[in-house]
Amino acid sequence: MTPRVRVSIRDLAKTFGQGPREVRAVSPVSFDVHEREFVAIVGPSGCGKSTILNMIGGLVPPSGGEIVVDGQRVTGAPPPQVGYVFQKDTVFPWRTVERNIALGLEYRNVPAEERAARVRQAIALAGLQGFEDAFPATLSGGMRQRVALMRSLVVDPEILLMDEPFGALDTHTKLNLHAELLEIWQAKRQTVIFVTHDLSEAITLADRIVVMTRRPGRIKLIYDVKLPRPRDVIRIRESDEYSREYSEVWHALGEEFRAVAP
Amino acid sequence: MTRERLRVLAWQLLILVAVLAAWQYLTGIKAISKTPGLYWIDPFFISRPSAILERLLYLMSPRVRLTIWQMALSTVQSTVWGFLVGISTGFVAGLVLGRSDGLARIFQPYIVAFNSLPRIALVPLITMIFGFGLLAKIVLAWSIVFFIVFFNTFQGARSVDADLIHSARFLGASERQIMTSVIVPSALAWTFASLTPSISFALIGVVVGEFIGGESGGGLGYLIIQSLGTLNAADMMVALFVLGAIGIVMALGIKQVEARLLRWRPEYQKR
């Protein structure tokens, strides 16, 4: 039995601007994301992968096609069961770590006691103990992104959209966050759509990889990652399967990187 | 206190003493020894520290009808009221117009026009409308502070990071919650940054108001104008020193408040 489809993308297209300034960002693309699945979207910059994510989240209206999340067509406002982690630092600078993580619970009027307990748990999970009362300005980029991640996770979204959340971090911090993300995901198994331009990140994390072409983005191929779970983010890179899968996708992706428009 | 700070403080004190001593000394030397009233530097215009101190003590004593304390209190009161009313109205107006493109477009020419009008030109009109009392001074201070705060808050409300609003929405915020948890704090950060100039300008507005406000309005500006009428440089200097002291205390106080309110900013973080 195949798991149920949670996010269905049907003939989704996006065009920015009008007339001679018209830019086709996304050519019609279609794919499904299933319950408990971790899907990565990879492609050269400007291929519209972030735009697709923004359309799923209801931030950008599609020019054509539709997105259906749990049977409901996405129009305008973000669907309530969807969480979003931005590439940009979106931690509220005037709130402490603790109060940032509590945001979603405050919005949902979760009682103070339960709120405190869940925030405490999230802080422990992210290894942020001792920084509860720190303001974001005192934290490193990696810690700020941890706060943003926990802020999204603390409200238990069933579907998590992630737009290059670790794009601005150094390799070491990135690997640590990969390990933490996988650990959390292994426990909760949210449906994740993860946009990145980093192929090794995609292979390390995802079950399936949607490889996009250059603009206007089309689907070049959808690749099933066969690496066993749970994965060790460091060890996995030394395995032969990893290398083989990497070179297979890299071959497809490389054609897109090479084919720069004149 | 570190040695470095001590050294700076010592120099600062030394300069103060040197200036006061030179002032006192130079205004005491006659240009031509026998002719009375001819000085190298005439104390008639700039007075002397000893004379200023004498007048200060006299004006502090209950022998005068209007003590320097009463005048200072009147000035401080009007400044604080003008400041508070200016901050709150400026904030609300800036927030409303900053979040509404339609209103901003309609009001823009009026705001620009009113703001480019030198506020001093309004003093007689404000006096005509609000009389010679405290109220006219408060209105004058308000009319300056309002625009400083308005423009800052307006800018702040416009430049709220759209991604912060988006992330709030994904966390389940209602429109009202987005207002209170994202837009107001973002705009307030800009408002707070305008507190220091606001308090200085409120004080300027009040003193200008007191220049023509007459005795019923009182205040240190009144003392200055009165001293001009009687050609009394010592009283004028007393008023200036007290005004200076008030300005310093207010500015330092506001700096403290600002550091507290904006303690999350990188520049206020302890290293």
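Trainee: What makes domain 1 and domain 2 of chain B two domains, and which residues does each hold?

Mentor: The bounds come from an automatic or database domain assignment, and for chain B that assignment gives domain 1 as 1–46 and domain 2 as 47–268. This is a predicted model, in which local features need pLDDT of at least 70 and side-chain atom pairs count only at pLDDT 80 or more, whereas totals for chains, interfaces and linings use all residues. Residues are numbered from 1 along each chain as its sequence is written, while chains are lettered from A and ligands numbered from 1 in the order in which they are written.

Trainee: How many residues of domain 1 of chain B are in contact with domain 2 of chain B, and which element gives the most to the domain 1 side?

Mentor: Two residues are in contact if their C-beta atoms, placed from the backbone, lie within 7 Å, and on that criterion eight residues of domain 1 of chain B meet six residues of domain 2 of chain B. On the domain 1 side, the elements that give two or more residues are helix H1 (3–26) and helix H2 (43–46) of chain B, where helices (H or I, at least four residues) and strands (E, at least two) are DSSP runs numbered from the N terminus. H2(B) gives the most to this side, with four residues. By class, the side divides into six nonpolar, two polar and no charged residues, with Ala, Val, Leu, Ile, Met, Phe, Trp, Tyr, Cys and Pro counted as nonpolar, Asp, Glu, Lys and Arg as charged, and the others, Gly among them, as polar.

Trainee: Is the crossing of H7(B) and H10(B) left-handed or right-handed?

Mentor: A crossing is left-handed if the near helix is turned anticlockwise from the far one by less than a right angle, and right-handed if clockwise; that of H7(B) and H10(B) is right-handed. The residues in contact include B:Leu140, B:Ile144 and B:Ile148 of H7(B) and B:Phe201, B:Gly205 and B:Val206 of H10(B). The contact has 13 nonpolar, five polar and two charged residues.

Trainee: How do the axes of H11(B) and H12(B) cross, and at what angle?

Mentor: The axes of helix H11 (residues 220–229) and helix H12 (residues 233–261) of chain B come within 8 Å and cross at roughly 160°, so this pair is also roughly antiparallel. H11(B) passes H12(B) in a left-handed crossing. Among the residues that make the contact are B:Leu220, B:Leu223 and B:Ile224 of H11(B) and B:Met236, B:Ala239 and B:Val242 of H12(B). This contact has eight nonpolar, one polar and one charged residues.

Trainee: Turning to chain A, which strands stand at the edges of the six-stranded sheet, and what makes them edges?

Mentor: The strands form an open sheet in the order E6-E7-E8-E3-E9-E10 (chain A), with mixed pairing; two strands pair if DSSP finds at least two bridges between them. Strand E6 (82–85) and strand E10 (219–224) of chain A each have a single partner strand, so one side of each is left without a neighbour in the sheet.

Trainee: How many bridges join E7(A) to E8(A)?

Mentor: Five bridges join strand E7 (residues 159–163) to strand E8 (residues 191–196) of chain A, which meets the criterion of at least two for pairing, and the two strands run parallel.

Trainee: Which peptide bond makes A:Pro216 stand out, and where does A:Pro216 lie?

Mentor: The bond from A:Arg215 to A:Pro216 is cis, with omega near -10°, and A:Pro216 lies in the loop between strand E9 (208–212) and E10 of chain A. The bond from A:Arg229 to A:Pro230 is also cis, with omega near -10°, and A:Pro230 sits in the loop between E10 and helix H8 (240–258) of chain A.

Key:
Axes are lines fitted to C-alpha atoms, for helices over the stretch in contact, and angles run from 0 to 180 degrees between N-to-C directions. Angles under 35 degrees count as roughly parallel, over 145 as roughly antiparallel, 65 to 115 as roughly perpendicular and the rest as oblique.
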